[in-house]
Each structure stands twice: as C-alpha cells, then as structure tokens.
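Subject: Structure handover

Hello,

Here is the structure for you to look over. Please open it alongside this message.

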Amino acid sequence: IHKNRNDALHPLWQSPLSVPGGTRQSPIDIQWRDSIFDPYLRPLKISYDPDTCLHIWNNGYSFLVEFEDSADKSIIMGGPLENQYRLKQFHFHWGAINEWGSEHTIDSRVYPAELHLVHWNAVKYESFEDAVMEGNGLAVIGVFLKLGAYHDGLQKLVDALPAVKHKDEIVEFDSFDPSCLLPSCPDYWTYAGSLTTPPLTESVTWIIKKKAIEVDEDQLEAFRMLLFTSPGEEEKRMVDNFRPLQPLMNRTVRSSFQ
Ligand SMILES: O=S(=O)(O)/C=C/c1cc(Br)ccc1O
Ligand SMILES: [Zn+2]
C-alpha cells in the first residue's frame, strides 16, 4: 500500500526528516525473513503499577499518558535489556484513514496505528533527560493497532480524549494499567534505533510486538478528532503523526521467536 502522503512537507517534521550522520534511525520496515532468531533473548518482564498514572496531555504531536517515574514502580526488564527501565509515558501514531498510520511496517505492511510505551534506564542514568542522550538510555515497546473488535481497555483512554482536544490541554488520568494494551503473545522483534520525534536521538532499544491488538473504527476515529492546534487557532486535525521509514543501514533485527 502506497503511503501517498507528502513526507517532505510533513507538518510534524519541518525539521530535517533525517538526522545528518544518523546510522540507527527509526522507524524501519522489518523484513520478517531477514530477522535473526536469537535464542539468548529472554522473555520480556513487564510490571506496571496503575497508581503511577498521572495525566493525559496533548503535546501537539500526539496525546501522551504520563507516569510518575521517581521510583521503580512501573518497569520492564529482560528481553534484550541489560538493565531495568522505568515507564515514562505512552502515546500513539495514526493515520487520517485506516490504510496507513503506523511508524514501523512488517514486510511493508502498514497498520492504522502504533502504540509506543517509552521507558528509560534508571539503573544507569539519573533522569529521562540524561538517558535520552545515551545509546542504551531508552527502551520503547511498539504495539500495532489493527481494525477489528472493540478494545475494552482502550475505551477509558478514548473517553478522556475530548478533554485534550487541543494542543497543551492536559487532564488528570488515574489508575490505568497500560499492560491491558499489550497482546498476550510474547513474541517480538528488537533492534537498535532512535526516537521518531524530535530530538530523534539514537538512544532507543526498540521492542516491536509481533501480534497487533484489535480496536474498532469508532475508537480509531476518536484519535482523529484530536487537534494539532491550540484553542483559537485555525483547526488542524491531529492525523498522520508518523515519521517516514528510515534506512536500515548496518543493522540486524533479532526475533524472540522462530
Ligand atoms: O515516538 S517515540 O520515538 O517513542 C518518541 C518518544 C519521546 C518521548 C519523550 Br518522553 C520525549 C521525546 C520523545 O521523542
Ligand atoms: Zn512514538
């Protein structure tokens, strides 16, 4: 499917679409047959505490759910990770229509949306801001969303979106456990990459779940009613907030499954 959008003028990335000298940029197309099964990859261990959930915020790029990260309460470890990483926030990327919207693709297959759960290495670094500059600073779990059955866990999020319709609006959001947004299948791919929004730093160990979660049309449409713009400005719908595919260069994608 052709992503017939004009990357070069994409509102989200007036800044350079590629980082000069970047050798590990994201997102990428994951070619299933080129990924290498690594038997040393351990299962990913995820333990989120719903009480660390703080608020939902429209930051003008996406809507993020942010978490209290001053202690090891919502953490991931294992998988490809050497250390324990703390959940900082999760957010989504989506398209104007169901034909595109995800950042990563699998054998060029695009999904209508992609969830990113952003974690930082609190063992090695003092803060997210420090970790974001380091090669092993961040770990982001990517989950594809596909059109299908209504997703019960997502609805609490969808119901809060009208309150953050405009850029910089924020609303309290409590006791949400984002593990309800993860597929039950443990299989994932992993590779060394970058943030896909500015500052685009090459500090992310990506963990891309093989299985998508299903959401229904109304739930996807709810994402599309959000705005990039602040109150009073000419309204611009928050859609197509994904970065174009980046070159794989000298990287291998490993799989946790055969
Ligand atoms: O789309 S991602 O690469 O997950 C971007 C994550 C990201 C998270 C934070 Br927190 C700050 C800046 C960022 O770019
Ligand atoms: Zn993202």
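Below is what turned up, site by site.

One caution before the details: this is a predicted model.

**Zinc site**

Start with the zinc ion (ligand 2). Its protein donors are His91 (NE2), His93 (NE2) and His116 (ND1), lying 2.0 Å from the ion. The site is tetrahedral, with angles of 98 to 118° among the four donor atoms. For comparison, the ideal angle for four tetrahedral donors is 109.5 degrees. Along the sequence the donor residues follow the spacing H-x1-H-x22-H. Histidine 91 lies in strand E7 (residues 85-94) and histidine 116 in strand E9 (residues 113-121), so this pair ties together parts that are 25 residues apart in sequence. Histidine 91 and histidine 116 are both buried.

**Ligand 1**

Some of those names come up again here. The residues surrounding ligand 1 include His91, His93 and His116. Also among them are Lys88, Gln89, Val118, Phe128 and Trp206. Leu195, Thr196, Thr197 and Pro198 belong to the surroundings of ligand 1 as well.

Histidine 116 places a polar side-chain atom 3.3 Å from an oxygen atom of ligand 1. Threonine 196 uses its backbone: an N or O atom there lies 2.8 Å from an oxygen atom of ligand 1. Threonine 197 uses its side chain, where an N or O atom is 2.5 Å from an oxygen atom of ligand 1.

**Aromatic rings**

The count comes to 13 aromatic pairs. Phenylalanine 63 and tryptophan 94 form one of them, and it is tilted: 5.8 Å centre to centre, with 45° between the planes. That pair links distant parts of the chain, with phenylalanine 63 in strand E5 (residues 63-67) and tryptophan 94 in strand E7, 31 residues apart. Phenylalanine 63 and tryptophan 94 are buried.

Phenylalanine 173 and phenylalanine 176 also form a tilted pair, at 5.5 Å centre to centre and 45° between the planes. Phenylalanine 173 has 5% relative accessibility, so it counts as buried. Phenylalanine 176 is buried too, with a relative accessible area of 4%.

Ring pairs join these residues into a cluster: Phe63, Phe67, Phe90, Phe92, Trp94, Phe173, Phe176 and Phe223.

Two lysines sit over rings. Lysine 156 lies over the face of phenylalanine 173, 4.8 Å from the ring centre. Lysine 210 has its charged end over the ring of phenylalanine 257, 4.6 Å from the centre.

Where is asparagine 241 placed? It is in the loop between helix H3 (217-224) and strand E15 (254-255). Its relative accessibility is 0%, so asparagine 241 counts as buried. The side chain of asparagine 241 reaches two backbone atoms. One is the backbone oxygen of tyrosine 61, at 3.0 Å. The other is the backbone nitrogen of tryptophan 94, at 2.8 Å.

Tryptophan 94 therefore counts as buried at 1% relative accessibility. The C-alpha atoms of tryptophan 94 and asparagine 121 are separated by 27 Å, and these residues are 27 residues apart along the chain. For asparagine 241 and serine 230, 11 residues apart along the chain, the C-alpha separation is 16 Å.

**Backbone points to check**

Which peptide bonds are cis? The bond from serine 26 to proline 27 is cis, with omega near 0°. Proline 27 is in the segment before strand E1 (29-30). The bond from proline 198 to proline 199 is also cis, with omega near 15°. Proline 199 is in the loop between strand E12 (188-193) and strand E13 (204-209).

Leucine 200 is found in that loop between E12 and E13. Leucine 200 is not a glycine, yet it has a positive phi of about 55°. At 6% relative accessibility, leucine 200 counts as buried.

Aspartate 240 has a positive phi as well, about 60°, although it is not a glycine. Aspartate 240 is found in the loop between H3 and E15. Its relative accessible area is 15%, and the cut-off for buried is under 20%, so aspartate 240 is buried.

Best wishes

Methods:
Residues are numbered from 1 along each chain as its sequence is written. Chains are lettered from A and ligands numbered from 1 in the order in which they are written. This is a predicted model: local features need pLDDT of at least 70, side-chain atom pairs count only at pLDDT 80 or more; totals for chains, interfaces and linings use all residues. Side-chain values use heavy atoms; hydrogens and water are left out. Donors are N, O and S atoms within 2.8 Å of the metal (3.2 Å for Na, K and Ca); water is not among the atoms, so sites may look incomplete. Four donors count as tetrahedral if all angles lie between 85 and 135 degrees; four count as square planar and six as octahedral if opposite donors are over 155 degrees apart and all others between 65 and 115; anything else is irregular. Helices (H or I, at least four residues) and strands (E, at least two) are DSSP runs, numbered from the N terminus. Buried means under 20% relative accessible area, exposed over 50%, partly exposed in between (1.4 Å probe, protein chains only). Rings of Phe, Tyr and Trp (its six-membered ring) pair if their centres lie within 6.5 Å; planes under 30 degrees apart count as stacked, over 60 as edge-to-face and the rest as tilted. A charge sits over a ring if NZ of Lys or CZ of Arg is within 6 Å of the ring centre and within 35 degrees of the ring normal. A residue is near a molecule or strand if one of its heavy atoms lies within 4 Å of it. A polar contact is a pair of N or O atoms within 3.5 Å; within protein, one must be able to donate a hydrogen and the other to accept it, and residues adjacent in sequence count only if both atoms are side-chain atoms.
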